[in-house]
Amino acid sequence: MKTFTIKMMWDDGYWFSRVNENAGFSLTLESNSYDTLVERVKIAIQDILEVDFSYTGDFKCIFQSERIENMQAKAS
């Protein structure tokens, strides 16, 4: 079974994903919804494995999430 670690980062109103460097391919996607992005990543990885590597076995995705928020305020 192949395992992929996907880093999910929230920044400036969008979720971005990046597959770990050891995957053998590069994949970067974005969405304004976390759940939508997770589904897009799963489909994209399956397509890449089947089309580019002729792999039809099981694979596992581990999602690591990070949310970055910038706040600017004035103390009274």
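Mentor: Take Ile45 in this predicted model. Leaving aside its neighbours within four places in sequence, Ile45 is in contact with Phe4, Ile6, Val19, Phe25, Leu27, Phe59 and Cys61. Several of these names return in the largest nonpolar core, which has 17 residues. Phe4, Ile6, Val19, Phe25, Leu27 and Ile45 are the residues with the most contacts inside that core. Two or more core residues come from each of strand S1 (2–11), strand S2 (14–19) and helix H1 (34–53). H1 gives the largest share, seven residues.

Next, the strands. Four of them form an open sheet with mixed pairing, in the order S3-S2-S1-S4. Strand S3 (28–31) and strand S4 (59–67) are at the edges; each has a single partner strand, so one side of each is left without a neighbour in the sheet. From one strand to the next, the twist averages 20°.

S2 and S3 run antiparallel and are joined by four bridges. Within S3, Ser31 is the bridge partner of Trp15.

That leaves the placement of the helix on the sheet. H1 lies across S1, S2, S3 and S4, and runs at about 145° to S4.

How values were computed: Residues numbered from 1 in each chain as written. Predicted model: local features only at pLDDT ≥ 70, side-chain atom pairs only at ≥ 80, totals over all residues. Heavy atoms only, no water. Core = buried A, V, L, I, M, F, W, Y, C linked by side-chain atoms within 4.5 Å. Buried < 20%, exposed > 50% of the residue type's maximum accessible area, 1.4 Å probe, protein only. Contact = heavy atoms within 4.5 Å. Pairing = 2+ DSSP bridges. Axes fitted to C-alpha atoms, helices over the stretch in contact; angles between N-to-C directions.
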